[in-house]
Amino acid sequence: MKFFIASFLFATVCGTIGCNSLVDSAPSASQPVLKVEDYYLPLKNIGASFTYCRKTATGADTILMTMQGQDISGVMPGNGMCYAADLTKTNHRLYDYYYSMNDSEAYTLGKLSCGSTEKYWLDLKAPLTVGQTWKFSNTNGSYYLTNYYTAKVSRRGATMKMPDGTIYNDVTEVIYLSQSGDSTVKWFAKGTGLIYCTSKEPDSDFGQEMRLLGQN
Amino acid sequence: MTSGLEDKIIAYFDGELSDADGAELLHRVSVSPEIRTLFREHEMLREMARESANAVTISPEIETSLFSRIEALAEKPIREKAVWVFSRRTALVSALALILISGSVGYLVPKLFSGSSQNLQNSRSDQQNLSSSIIQPTPQVQSFPNSSAFHTNLIGISHISEAPRNGTPAETNDTYSNGTEDISVNKSDIAIIDKTPLMEGIHSVAPRMADIHSGIGERISPFERPELQQDSRSLFEASLQTSSGFTYPADASPIKPFADQRFSFGYHISENNLIGIRIASGLYQQLGSISQSSLGGIEVLSRTIETKRNFSEEIYVSHLIPITIAAPFFLEFSLDGGIIPNGYTYGAEAGVRIPLSESVMFDAAFALTRVHSNALTSDQILTSTNATTPILLQSADIHNTLNGRLHYGLLYRF
């Protein structure tokens, strides 16, 4: 009897204390993300570089994006800090690209400067949870036309495998739709940032497809 | 001569014959075929009366009336503490009440025990109120031989009818014996019982207790008090239980009361240790099948986690600890393991068994079970899939869950 009771108590204690090892953790998709920085490019990490494969209507090329850190322009609207990234195309420097980010929002400013945004694009907005939507607009460089976009978080906590075999966990998928018919989808991996993007917008700076090849 | 011989035979079976007369009678039986035939006829008559008596039952009303008269005659109205045995009706009502209460408290374990405790007290109260269905314990019976009035009236009753009370313990059965035979009572018989007339013409007899083999008292219920309990002949038990509870981590709402059902069949290795098998229909959280689609030029694989109803087959071992706190009951500790479709389970549970009648118990237990699913992991799926475009897999990837269940139901031991 003592052996039986001891075994029972041992099993119960193990089951209670070691509950996390006995069972799998709850899906991360059920928890909203309040800090979007974890899913965005490491803009603060000066020198960090990402290599992307970009496909446009005219062809494919490889772009090296190197983080330059906080831009001298300082604080942006909404207490967002402006950050710059250097874009290089195979031994040929293209231009600086500007971003802004705070805890709740991360967006693209374009290639002009922190003070002059011609391609404002609100990539992420907290809380990140499936079904969350937000709206933004931009002129896309036009003086006469304004595009209105609606973004929606369609997946959270997914796993993505690239054609080279690299697997990214905890991926968030966001779909951007405009009244003009543009349909852009971006996938952001936690701890990495943008890993894949497709777009029907012919004038997109990132082409119709942009895929992360590697990072340093 | 025959009449005188028959009187001697009757006296012999009644135990009234002296040893010398008995020896003489047996000698005559051995040498005379006619006397032997007559002797056997009386012997068979006694046996038939005894067998027919076993099929007779006494209604609670008659039993109540009889006890009240016995108490009045014996001038000992105080009843001893009742044994924890209910009538069928009381047992049924108590069982339904316990199940409903357990179901309503659901998976709130702390309330379970307070509810069980309350039920225990209520059952105790019911037991005391329903004295008509309670069997008197031994101490009261032992006081009867000291009362000549009691003896004489019982004998008077035995002359009216010969049908013993059925379904009572041996001690109680002795109370109705006139020495060699069981005694039956029906309503009309009770009606003519009167103290004074029956006292007349009654002669005391020396009972031959050793000859009484009713077969009723030989079986000791395993549900009686532990101190009275000896080795039981009920080696098997079957139980039907339903349950409610929770699953962790969960994607669905808590398992509602009466959601799961399980049937258990156990064999008692010893009085307090048993092994058994179990078939259950339960709700298990498992990974579903993979669906495939495309979005933005990539391949999307989706797999959701679903709460499915499946059958499980388990084996279990249990240990019982008999405890008496105001009333006898059992603590129960079990370990179990089994299989489900594409997976397996193992767990432990602790509970309580509350006797409702000689063979039926209310059984409630709280179980923690780890459920493992053998479905492919996300990495396994992605590794086995190759494409020229990115592949997105949306899957909860939960293979190990913990089921907490409060099981409650009835148990029958046989």
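Guide: Helices (H or I, at least four residues) and strands (E, at least two) are runs assigned by DSSP and numbered from the N terminus. By that reading, chain A has two helices and twelve strands, and along its sequence they follow the pattern α-α-β-β-β-β-β-β-β-β-β-β-β-β. Chain B, for its part, has twelve helices and eleven strands.

Visitor: How should I read the numbers and letters in these names?

Guide: Residues are numbered from 1 along each chain as its sequence is written, while chains are lettered from A and ligands numbered from 1 in the order in which they are written. This is a predicted model, in which local features need pLDDT of at least 70 and side-chain atom pairs count only at pLDDT 80 or more, whereas totals for chains, interfaces and linings use all residues.

Visitor: What share of each chain counts as buried?

Guide: A residue is buried if 20 or more other C-beta atoms lie within 10 Å of its own, exposed if 12 or fewer, and partly exposed in between, with the C-beta atoms placed from the backbone. Of the 216 residues of chain A, 33% count as buried, and buried residues also make up 33% of the 414 residues in chain B.

Visitor: Why is N273(B) classed as partly exposed?

Guide: N273(B) is partly exposed because 13 other C-beta atoms lie within 10 Å.

Visitor: How do I read the pairing of strands, for instance between β4(B) and β5(B)?

Guide: Two strands pair if DSSP finds at least two bridges between them. Strand β4 (residues 291-295) and strand β5 (residues 298-303) of chain B run antiparallel and are joined by five bridges, and L295(B) has I298(B) as its bridge partner. These strands form a hairpin with two residues between them, and in the turn G296(B) has a positive phi of about 60°. Five bridges also join β5(B) to strand β10 (residues 391-395) of chain B, this time in parallel, with R303(B) and S395(B) as bridge partners.

Visitor: Which strand of chain A pairs with β10(B)?

Guide: That strand is β8(A), which pairs with β10(B) in the antiparallel sense over three bridges; within this pairing, M160(A) is the bridge partner of L392(B).

Visitor: How many residues of each chain are in contact with the other?

Guide: Two residues are in contact if their C-beta atoms, placed from the backbone, lie within 7 Å. On that basis, 28 residues of chain A are in contact with 27 residues of chain B. On the side of chain A that touches chain B, α1(A) gives the most, with seven residues. By class, this side has 18 nonpolar, six polar and four charged residues, where Ala, Val, Leu, Ile, Met, Phe, Trp, Tyr, Cys and Pro count as nonpolar, Asp, Glu, Lys and Arg as charged, and the others, Gly among them, as polar.

Visitor: Which residues have the most contacts inside the largest nonpolar core?

Guide: In soluble globular proteins, nonpolar side chains tend to be buried together. A nonpolar core is a set of buried Ala, Val, Leu, Ile, Met, Phe, Trp, Tyr and Cys residues joined through C-beta atoms within 7 Å. The largest has 50 residues, and those with the most contacts inside it are Y40(A), Y99(A), M160(A), V171(A), F188(A), I195(A) and L392(B). A second, separate core of 20 residues includes V23(A), F362(B), A364(B) and A367(B).
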